[in-house]
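Please examine the sequence and the three-dimensional structure shown below. The paragraphs that follow lead from a sheet to the helices beside it.

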Amino acid sequence: MSPNRTKPHEIVERALELSTADGCVVIADEESSANLRWAGNALTTNGVTRGRTLTVIATVDGKEGTASGVVSRSAVTAADLEPLVRAAEAAARAGGPAEDAQPLVTGTPASPDFTDAPDETSSAVFTDFAPALGEAFARARAGGRELYGFANHELTSTYVGTSTGLRLRHDQPNGTLELNAKSPDRLRSAWAGRATRDFKDVDPTALDAELAVRLGWAERKVELPAGRYETLLPPTAVADLLIYQMWSAAARDAAEGRTVFSKPGGGTRIGERLSRLPLTLRSDPNAPGLESSPFVIAHSSGDDASVFDNGLPVPATEWIKEGELARLTTTRHSAALTGLPLSPSFGNLILDGGGEKSLDEMVAGTERGLLLTCLWYIREVDPATLLLTGLTRDGVYLVENGQVTGEVNNFRFNESPVDLLSRASEAGRTEKTLPREWGDWFTRAAMPPVRIPDFNMSSVSKGV
């Protein structure tokens, strides 16, 4: 950090001092990133960025209730503070009472490193990774394939201060690696991705070897019609589906009859069995390798978040317990409305199914079915059933008698993740994974491969 730049905790304290509102929350996000990009077995670009975003949340008590005003700006300096604070206060005074208004959080112990400088990433995060990537380029070149992709590492230090005395900090590293291998004629393509905190646990040479096998499978092409097929979903595809399911799991929406978790006749489906398998879907801010913020960081209010809840502790939570729906996301406001337990939104997602088999072992146990690589362009069709549609990409393979025998055409699918849980016949070993579709928004996931006896490939897609 530049010696002339105001320290984050100082800018938080100064913004709180400037506030004349009845309540104030200040969130400073210090962001840094480093990246590498490559194409055709050669690095093309690399770079490092730095940035700051400051969010001021002002609350004003009135005769009809408490209003809130939220203003966020980037590249904030000390000179920008007073106009920013005044803008948040003006927004609060101009707005009506906030439906989610609650007393600002108190009592959470201060973070011991609140006054320390923010953590920052740099190109040094790739010190061991870059040489291994060069080795992968050489192996790919010798094997007649081309590698494309990128590696990105971000580190965000978030400082939260409130007029009620909270002084909290969380440092969140977030790394992604996406690698795509193509045949020289570009007719065959295979993708693999990994999520990482520090690039010490990813091996690009191992990923290249995995992709080389898939390109070999794709030498034989098999055309299949649309239909229902026994399908093996790899962890990345399971993550994409269940992340969207959790984004649709706000308790208030369910209680008001608007979602797949609404109970016919009123109420929610909490307590209902969603899967015959002993699946447990959970979040835990202390999960090894998937660590996330142990307190609420809310830059805005919505169905599953409230700016009034900033600083609220986030406990480990089981959303589905041994196949039964156990919790839906709630703020303090929606918990009071629905009578359900307080269950703040989450920073990671883990599915445990009790299985021990790897994806390869599940392939070996398949008489005839499809093996997916990943899903993309996922869109919601019907919120009442959470019916989603999307496409397969970068390799759908035919499995016969325990062996992959060729690559089939891509498909459009129509499925509800809630329905899939009810029909899943096997779950393998849980492992960290990178969701392909939602990797720009959510990366901290661990999922098992899952077998679906009758996955609905609704139409043939001609895309790669």
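Over how many bridges do strand E5 (residues 167–182) and E6 pair, and in which sense? The two strands pair over 8 bridges, in the antiparallel sense. Two strands are taken to pair if DSSP finds at least two bridges between them. Helices (H or I, at least four residues) and strands (E, at least two) are DSSP runs, numbered from the N terminus.

The model is a predicted one, in which local features need pLDDT of at least 70 and side-chain atom pairs count only at pLDDT 80 or more, while totals for chains, interfaces and linings use all residues. Residues are numbered from 1 along each chain as its sequence is written, and side-chain values use heavy atoms, with hydrogens and water left out.

Phe-129 lies in helix H3 (residues 129–142). Phe-129 counts as buried because its relative accessibility is 2%; buried means under 20% relative accessible area, exposed over 50%, and partly exposed in between (1.4 Å probe, protein chains only). Leaving aside neighbours within four places in sequence, Phe-129 is in contact with Leu-36, Trp-38, Ala-151, Leu-177, Phe-199, Val-202 and Pro-204. The C-alpha atoms of Phe-129 and Thr-205 are separated by 10.0 Å, although these residues stand 76 residues apart along the chain.

Thr-205 is also among the buried residues of H4, together with Pro-204, Leu-207, Asp-208, Leu-211, Arg-214 and Leu-215. Their cover includes H3, E4, E5, E6, strand E13 (368–382) and strand E14 (387–400). Helix H4 (residues 204–217) has 14 residues and reaches 20 Å from its first C-alpha to its last, close to the 20 Å expected at 1.5 Å a residue; the expected span is 1.5 Å times one less than the number of residues.

Terms used. Contact means heavy atoms within 4.5 Å.
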